[in-house]
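Reader: I am new to this structure and would be grateful for a close look at a single part of it.

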Amino acid sequence: MFSRLIFLSVLCLFSEATSSLAQAPKKVMAPKSVSKLPAKGSVDFKVDSVLKLMTLEEKIGQLNLLTSDLDQTGASMRPQYKEDILKGKVGAIFNAYGVEYVRKLQKMAVEETRLKIPLIFGYDVIHGHRTIFPSPLGESCSWDLEAMETSARIAALEASSMGLDWTFAPMVDIARDPRWGRVMEGAGEDTYLGSLIAKARVKGFQGSSLSDPTRVMACAKHYAAYGAAQAGRDYSTVDMSDRTLRDVYLPPFKAAADAGSATFMTSFNELNGIPATANKYLMDQILRKEWGFKGFVVTDYTAIWELLFHGIAADSVEAVKKSILAGSDMDMQASMYMQRLPGLVKSGAVPVSVIDESVRRVLRKKFELGLFANPFIRMDAEREKKNVYTSAHLNMARQIAAKSMVLLKNDHNTLPLKLTAQKIALVGPLADAARDMMGSWSAAGEGEKNATLLTGLKGSLTSSQVEYKKGCEINDTVRAGFAEALKACANSDIVICAMGEGAWQSGEAASRSDIKLPGVQEEFLAEVKKLGKPVVLVLFNGRPLDLTNVLPNADAILEAWYPGTMAGWAVTDVLAGVVNPSAKLTMTFPRNVGQVPIYYNMKNTGRPYDANNKYTSKYLDVRNDPLFAFGYGLSYSTFLYSSPKLSAKSIGMKDTLNVTVNVKNTSTRHGEEIVQLYVQDMAGSVTRPINELKGFQKVMINSGETKTVVFKLTSNDLRFHNQDMNFVAEKGLFTVRVGGSSDATQSDEFELR
Ligand code: GLC
């Protein structure tokens, strides 16, 4: 109510201003075209009403985003952020949540500043807020778009119940290099799937209207091509052709923009010599002119300041000028807009119209979020108590976690575990590691509340005896624990090894040059295997790992990623067969790091590998194919595919081709299968990938049942940036493949005429 008065007073001020304008002496020019004025009562009208009252400093204050000291996600802190709020020098605060805490900050803004403009509160709600869902790369392996929208929806519900209006998610960076720690935040290596997931996550966060107090603004990040950091080293150089940028890395961002993402975040990296934060081509030409994006762009953490280190700004004045003129609306944590923009405007180097446009974009979102009508709209203590960690949320987290786990190996049907009483030895450094179960970027997740695998096994397999011995740490060279753990294994019917990476070994600033299991885990597993017991390896990790040495030492391998709050229960559901695993990899697992970058849709080259010809594209010391391919994943069921049947052998540009395949469940267990459709353009005006995902359907097939799956293809699905950089389909021959992985071989051909 309070802020409605604020807004009404602002509006009255504006209407007086305009009415006085009407009687103003001749010298004041009335607006050239009244039709250009926003309609009375529209959001733009309200935005202009506020803008007209603001001083230059107050305008620049809206472009300033500062971290609170409740949480920290970067190096520098600005302890005087409260003083800055009181001076009207802050437009938004991040890393602050909890109704009591954010309410205090909001009251400072709407009661103690001159214009009482409300703050936006943002946070990295990447895979859940309090209830933590699987790490996004893991969740993407479910290929379940509805599930991913639901987890984002629940994250928004919990975050908005604790005072937040904005999440810095989804991260939609395509990533083909597992050395890069941030692969854990995204949706893997494929553009088609990554675009669909970007859309689902934006919709989950934002819903159909930002005025809904249970929703939050999304932020598509990191714009753009951050996942292509050279050598997989975080923040490193990105250099690529415009064709690769537009065919591989940009489509998920376009999908996020088309889904209505309210904001974008610039990436730390340079792109072809110009850092994203100062890259007018990215922000003005592509994002705004080509895509029609109307939201605002926030930089990543102190990225404006980092232009000095990139070496494209001689000083902070030049860094600020380049950033604002390129299209970066809001300065995250560098406080450089606040310090340098007044002088740049006063000197005429930056037109005030540029500042006004950025401020309009921010104010427009504040109106759309309902913050002017009620700055405390997402600060309801009752909602905070009621909407967090609900049993519905926890159950959904458990279900989605189980859907995300990829069964990589299951020799001798080691899994599912027998339900009869047996002695289980549970060993490994991640067997009872609560905090690690939610991985990196776990927002307001409370590590001690996570269910570990020990908890899940003991709680679910009550007829079995579970003996836990750690055996070794995640990342050191101590072997002292081996003996005790091996004794427990020798005295068991089956061994479950919980291994992987610590939560800190992926995510931001966590690149690894060696992507094997860290420490002495591989060695410990080899010792366990020597005992001759059935060995089940459960992996908790953020990135694809080099499992070449591990593969022979486990009878079954379940890639569990970081399952989140309900980790132990979800893993046990899969191990015990309560859930039949159905997930498929969305990122390639290499045989070793020397193969990287390796991804399923590479080019054929002029000398594709030929075992009988030395002079072909290969290594002397490792095969070309990966250990586990994109799209791969086993089930407790087995599925038999027919060859694909095409509705025509030739189609025109306006025709639709039906691709039909029969999939039979040849096992005794009902199960879900992700049926995948791939296409190869056999010859183009530029070289084309050897395979491209163009469709998938997740189908439940009962034991013994055969399901007919039909895909529809049109020329629109075959478009790419051709020799002249036109986004078109080209006539010619195409191969179609359908199967349960990108290395499916059953195929047929058609011509596009
Ligand atoms: C970090 C990350 C970005 C995050 C931001 C705010 O450095 O790069 O993903 O949203 O800062 O925490």
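What volume does the largest pocket have, and which residues line the largest pocket?

Author: This is a predicted model, in which local features need pLDDT of at least 70, side-chain atom pairs count only at pLDDT 80 or more, and totals for chains, interfaces and linings use all residues. Residues are numbered from 1 along each chain as its sequence is written, and side-chain values use heavy atoms, with hydrogens and water left out.

The largest pocket has a volume of about 1200 Å³. A pocket here is an open set of points on a 1 Å grid over the protein atoms alone, where a 1.4 Å probe fits, with protein on both sides within 12 Å along at least five of seven lines; lining residues have an atom within 4 Å of a point. The volume is the space filled by probe spheres set on the points, which are joined across faces, edges and corners.

The lining comprises 38 residues, of which T191, R246, D247, P251 and F727 are the closest to the centre of the pocket. Two or more lining residues come from each of α8 (191-206), α9 (242-249), α10 (251-258), β22 (692-701) and β24 (720-721). Helices (H or I, at least four residues) and strands (E, at least two) are DSSP runs, numbered from the N terminus.

By class, this lining holds 16 nonpolar, seven polar and 15 charged residues. Ala, Val, Leu, Ile, Met, Phe, Trp, Tyr, Cys and Pro count as nonpolar, Asp, Glu, Lys and Arg as charged, and the others, Gly among them, as polar.

For the second largest pocket, the volume is about 830 Å³. Its lining has 31 residues, with Y599, M602, N624, D625 and I690 the closest to its centre.
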